[in-house]
Amino acid sequence: MRDIDAIIRTLIQSYPELSVEQLTVMHPADDDGIWYFKHPACAHEVKLESSYGTCPFIFETSADATVATAETVSAAIRLVVAGLELAAA
């Protein structure tokens with residue numbers, strides 16, 4: 001299992017209304033290693049980026065210019081939760 005799979009599984013278990021969408025690319029050679037996270041309680045989205053779906057991930061949010069690096073699965077989960085302004089489960 002890739003790190004992104006563990007991140008998504010953990011977040012969906014804690015926040016069932018969370019939606020996750022992986023970037024759809026036009027050409028197979030393009031990098032599809034971007035995942036968008038949205039929650040109905042939040043007006044913006046966050047994204048995690050990693051070409052292989054493994055740590056480290058680059059974290060960004062549409063709320064502001066925040067960019068961070070998540071070196072571990074737990075750090076990525078914390079960034080997504082904080083970025084979507086969700087209460088800790």
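Trainee: How many disulfides does the count come to?
Mentor: The model is predicted, and local features need pLDDT of at least 70, side-chain atom pairs count only at pLDDT 80 or more, and totals for chains, interfaces and linings use all residues. Residues are numbered from 1 along each chain as its sequence is written, and side-chain values use heavy atoms, with hydrogens and water left out. A disulfide requires a pair of cysteine sulfur atoms within 2.5 Å; by this rule the count is 0.

Trainee: Is C42 buried or exposed?
Mentor: Buried means under 20% relative accessible area, exposed over 50%, and partly exposed in between (1.4 Å probe, protein chains only). C55 has a relative accessible area of 21% and is therefore partly exposed. C42 has a relative accessibility of 9%, so C42 counts as buried.

Trainee: In what order do the 5 strands form the open sheet?
Mentor: Helices (H or I, at least four residues) and strands (E, at least two) are DSSP runs, numbered from the N terminus, and two strands pair if DSSP finds at least two bridges between them. The edge strands, each pairing on one side only, are β1 (19-22) and β5 (67-70). With antiparallel pairing, the order is β1-β2-β3-β4-β5.

Trainee: Which residue is the bridge partner of E60 in β5?
Mentor: Strand β4 (residues 57-61) is joined to β5 by 4 bridges and runs antiparallel to it. β3 and β4 also pair in the antiparallel sense over 4 bridges, and there K47 has E60 as its bridge partner in β4. In β5, E60 is partnered by V67.

Trainee: What angle does the direction of helix α1 make with that of β2?
Mentor: Axes are lines fitted to C-alpha atoms, for helices over the stretch in contact, and angles run from 0 to 180 degrees between N-to-C directions; contact means heavy atoms within 4.5 Å. Helix α1 (residues 3-14) packs on the sheet, touching β1, β2 (34-38), β3 (46-49) and β4. The angle between the directions of α1 and β2 is about 5°.

Trainee: Which residue in β3 stands opposite F37?
Mentor: β2 and β3 run antiparallel and are joined by 4 bridges. Leaving aside neighbours within four places in sequence, the contacts of F37 include I4, I7, I8 and L11, as well as V80 and L84. The residue opposite F37 in β3 is V46.
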